[in-house]
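Please open the structure in a viewer and keep the selection panel at hand.

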Amino acid sequence: MTTYKLQYFDGRGRGEVIRMLLSLGGKKFEDVRYSMAQWGDVKKDLPLAQLPILYVDGKPLCDSSAISSYLAREFGYYGSNNWEAALIDQVVGVIIDLWTPLVMTIFLPDEAAQLAKQKEIFDGKAHGFLKFLEDALCKNKEGDGFFVGDKISLADLNFHTSWETLQNLKYTEKNLDKYPKLAALQARLSADKDLSGYLAARPKHNV
Ligand SMILES: N[C@@H](CCC(=O)N[C@@H](CS)C(=O)NCC(=O)O)C(=O)O
């Protein structure tokens with residue numbers, strides 16, 4: 001039986017889609033979670049001095065996108081043909097561009113600075129990214145299904161954890177009602193019979 005060990009921080013961040021995929025794939029995995037206090041010691045032994053890393057039968061795989069693409073292909077969450085896979089990659093790419101600068105604002109020193117930066121990012125490029133995502137969702141089953149095809153894919157999982165982060169950031173949480181189809185997708189995914197058990201059982205984190 002294949003063994004899986006994930007090294008990441010004690011948060012959702014770039015580790016959560018990997019955890020979701022392992023859970024959806026029905027795999028038991030070692031979920032190693034580091035605190036910032038441990039990070040200095042851990043970092044010096046890592047190939048890229050960053051996380052996540054997934055060990056598959058003891059073999060390391062770095063980079064969250066490489067890991068989650070690998071697992072999505074293994075477990076059947078990467079569409080049913082090459083075009084669907086490309087559409088999934090497109091959604092994931094947009095979500096990474098949306099999420100990364102917004103989440104970095106939590107490292108700014110005070111709440112006023114965080115709010116100002118979130119406003120600048122959200123009202124600028126992020127708004128366009130969210131509109132693109134809502135339009136992309138609406139091209140499939142009028143926005144009442146999933147991003148691609150007729151089942152959850154890697155695109156929906158990336159969306160779920162990123163939207164959750166937007167719901168927890170002070171500026172963005174007040175501005176999400178412009179995207180009702182995306183909000184409804186989040187609710188559908190949260191209630192999904194295969195995902196809801198994992199979501200209920202996991203440690204709770206804002207980001
Ligand atoms: N492209 C990489 C980026 C990895 C990355 O930036 N990881 C962050 C945590 S989300 C990290 O390890 N930060 C600690 C550091 O750089 O000291 C990936 O997607 O895995």
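Is Glu142 buried or exposed? This is a predicted model, and in it Glu142 has a relative accessible area of 64%. Because that value is over the 50% cut-off, Glu142 counts as exposed. Select the loop between α5 (111-138) and α6 (154-168) to find Glu142. The phi of Glu142 is near 55°, a positive value in a residue other than glycine. Most residues other than glycine have a negative phi, and most peptide bonds are trans.

Select Asp57 next, in the loop between β3 and β4 (59-62). Asp57 also is not a glycine, and its phi is positive, about 50°. The relative accessibility of Asp57 is 45%, so this residue is classed as partly exposed.

Now move to the loop between α2 (36-43) and β3 (53-56), which contains Pro52. Display the backbone here: the peptide bond that runs from Leu51 to Pro52 is cis, with omega near 15°.

- Arg14 places a polar side-chain atom 3.3 Å from an oxygen atom of the ligand.
- Lys43 likewise has a polar side-chain atom 3.2 Å from a ligand oxygen atom.
- Asp63 has an N or O atom of its side chain 2.9 Å from a nitrogen atom of the ligand.

With the ligand surface shown, note that the ligand taken alone exposes 510 Å², of which the protein buries 71%.

Colour the protein chain by domain. The assignment gives domain 1 (4-76) and domain 2 (82-191), and their C-alpha centres lie 22 Å apart. In the contact between them, 13 residues come from domain 1 and 12 residues from domain 2.

Leaving aside residues up to four places away in sequence, Leu71 touches Tyr4, Ile18, Leu21, Leu22 and Leu54.

How values were computed:
Residues are numbered from 1 along each chain as its sequence is written. This is a predicted model: local features need pLDDT of at least 70, side-chain atom pairs count only at pLDDT 80 or more; totals for chains, interfaces and linings use all residues. Side-chain values use heavy atoms; hydrogens and water are left out. Contact means heavy atoms within 4.5 Å. A polar contact is a pair of N or O atoms within 3.5 Å; within protein, one must be able to donate a hydrogen and the other to accept it, and residues adjacent in sequence count only if both atoms are side-chain atoms. Accessible areas come from the Shrake-Rupley method with a 1.4 Å probe; for residues, only the protein chains shown count as cover. Domain bounds come from an automatic or database domain assignment. Helices (H or I, at least four residues) and strands (E, at least two) are DSSP runs, numbered from the N terminus. Buried means under 20% relative accessible area, exposed over 50%, partly exposed in between (1.4 Å probe, protein chains only).
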